[in-house]
Amino acid sequence: MSGTDVFFPPTEFAGSAHVGSLEAYRDLCRRAEEDPEGFWAGMAEQEVHWFEKWHHVFEWNPPFVKWFAGAKTNAAYNCVDRHLETRGDKAALLFEGEPGDRRTITYRELHSLVGRFANVLKAQGFKAGDRSVIYMPMVPEAVVAMLACARLGITHSVVFGGFSAEALKARIQDLEATLVLTADGGWRRGKEVRLKGAVDEAVADCPGVKCVVVLRRTGCEVTMAAGRDHWWHELEEGVSDECPAEALDAEHPLFVLYTSGTTGKPKGILHTTGGYLTYTTCTMKWVFDLKEDDVFWCTADIGWVTGHSYLVYGPLAAGATCVMYEGAPDYPAWDRWWDVVERYKATILYTSPTAIRALIKQGEEYPNRHDLSSLRLLGSVGEPINPAAWEWYHRVIGKGRCPIVDTWWQTETGGILISPMPGAVPLKPGSGTFAMPGILAEVVDFHGNPVAADGEGFLIVKRPWPSMIRTIWGDPQRFEQQYFSRMPGNYFTGDAARRDADGYFWILGRVDDVMNVSGHRLSTMEVESALVRHPAVAEAAVVGKPHEITGQAVCCFVTLKQGSGSNDHHALAQELRQWVAHEIGAFARPEEIRFSETLPKTRSGKIMRRLLREIVTSHTVTGDVTTLEDLGVVTKLAAQHDED
Ligand code: WTA
């Protein structure tokens, strides 16, 4: 085994793991590769409840795939009903609100909450095929909202509460949603995040929205539009909690989740039901080694795919007990997370490198104040984990006992594709190690040929898997073009990777114009489009700049319109940062705005972001500049940094 640090699975861990040796892992892979139909049919039967069985395991007409066609199932039934007999009194959710309010919700209680709210939606006239947008804080009712929609076949789209009214509006419109589920607000760092106000602003331009249901969370004042807006608790009065789950087609659209692509317009990633449930539950065992008495804590917000697959659908379908925490990690102090781990005796913690780096900065005394001995496994997702963060996570949080699963995946993949199986695979810090069974991942060159050991290339997947993206909502052409045009028949991830001599995958980052800020995907074009909507801005070019905590930070190069009258660049920079936060959301707020007379462009007029990236990274330009129209611009921009 090459590489300096290799961490072998602890004997005790491996001894009781679902997959406890490299041989067992390889055996699963071999079976999945040789007989994908038999393998996935077996997994689907084992992990998911079906009202009716399929007639085909999968049908692959690149780029389109159907899994378990002909079968009938229901995601909410799988996440709740089928546990009633064996796990009715087991906690499904251990909720802690930021102000300190706590609720334990058993599977039986969750069943009742979901059934009642599904009946509310039914009474409002909603049914399978309708679309809802969920814009809620991290409270149990957000999970109830998702599951109630799934129960009836209403396709939901959760919009992260950090997105602005503008972003919310664009998503409601693209999805032609008729139902919006929200709350008055949520708690973050002791302050109210007002959600209903943003909904009002967004829905004003969405005449298709017939109904807005509002949960009372913070108690702040809201305006209710007569006929359209209803209080959640009022609609529930006297409503039965018995609501049968619809037997839906395996390919019924479960949810659409918007994510950033390489244009200004976010894309609605469509996931369906049967294959998604099969894959997310499988990975709960393979990656998280989930056992009956585990307490699983995924810190992601339900507004991101990690929250969908590993806070809601995967763990609940697998019958797990999940911790759900509403607020910020530093409220009221930087030991809040460790307090939560200790209180609920979390055994598995799944979080992001950006959070780990922020925690490292505060010092070890915060985790050291708490008993973290319940933890047995740690996970990481969202971006490559740097060696220093890995080492700290392993030593300070895991006390050297807990394996770390570095999980690589995407909104589009629905579930984890590359990750160690913690009882089987020796870890190399910073590497996602190997692909899951049935995931034929490869690192290839421009022509699609596998690169030699240690070579770098594009990460692709050569065969469909059950939880893969089905299409981009309303835009099948963009779907094909984005993911299947470069290497026809293969899924193109948009990430670069390296494979070492032992076959380990090392993810190197995006090859397109997508940034990764605090583990959140953000397209350069999205920020650029937001900037040019400002009256003073003529042109904008945006690049990701390396950042100590957030991985990347948003850096904007802006040219101003003639006579825009803005001489006070400092004030204008502030205004533009605020503008972007308003147009997209606070998490997209640029770290830096640089004003320039022109932007470097190719002869065909394309902005050369590569050069700008070099400027913000190294402050000099070394690459090929022969296609650049005006070299002087680059030198000036690079020099400007030194003047600052
Ligand atoms: C990046 C998040 C390295 C990658 C689940 C991918 C990672 C994008 C890792 C997807 C990891 C995610 N190591 N990079 N373990 N996990 N990424 O859609 O660039 O929000 O393409 O899904 O995050 O981000 P998304």
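User: Which ligand atom does the side chain of Q410 sit by, and at what distance?
Analyst: In this predicted model, a polar side-chain atom of Q410 lies 2.9 Å from an oxygen atom of the ligand.

User: And what about R521?
Analyst: An N or O atom in the side chain of R521 is 2.8 Å from an oxygen atom of the ligand.

User: What part of T407 lies 2.7 Å from the ligand, backbone or side chain?
Analyst: The backbone. One of the N or O atoms there is 2.7 Å from a ligand nitrogen atom.

User: How much of the ligand does the protein bury?
Analyst: The protein buries 95% of the 520 Å² that the ligand exposes when taken alone.

User: Which elements give two or more residues to the shell?
Analyst: Those are helix α12 (305-317) and strands β20 (404-407) and β24 (505-510).

User: How many residues surround the ligand, and which are closest?
Analyst: There are 17, and the closest are D406, T407, T411, R510 and R521. By class, the shell has six nonpolar, six polar and five charged residues.

User: New topic. At what angle do α6 and α7 pack?
Analyst: About 60°, with the axes of α6 (residues 107-123) and α7 (residues 140-152) 8 Å apart. Their crossing is right-handed.

User: Which residues make that contact?
Analyst: On α6 they include L110, L113, V114, F117 and L121. On α7 they include V144, L147, A148 and R151.

User: How does the contact divide by class?
Analyst: Into 12 nonpolar, two polar and two charged residues.

Key:
Residues numbered from 1 in each chain as written. Predicted model: local features only at pLDDT ≥ 70, side-chain atom pairs only at ≥ 80, totals over all residues. Heavy atoms only, no water. Near = heavy atom within 4 Å. Polar contact = N/O pair within 3.5 Å; in protein donor to acceptor, adjacent residues only side chain to side chain. Areas by Shrake-Rupley, 256 points an atom, 1.4 Å probe, with all protein chains shown as cover. Helix = DSSP H or I, 4+ residues; strand = E, 2+ residues; numbered from the N terminus. Nonpolar A, V, L, I, M, F, W, Y, C, P; charged D, E, K, R; others polar. Axes fitted to C-alpha atoms, helices over the stretch in contact; angles between N-to-C directions. Left-handed = near helix turned anticlockwise from the far one by under 90°. Contact = heavy atoms within 4.5 Å.
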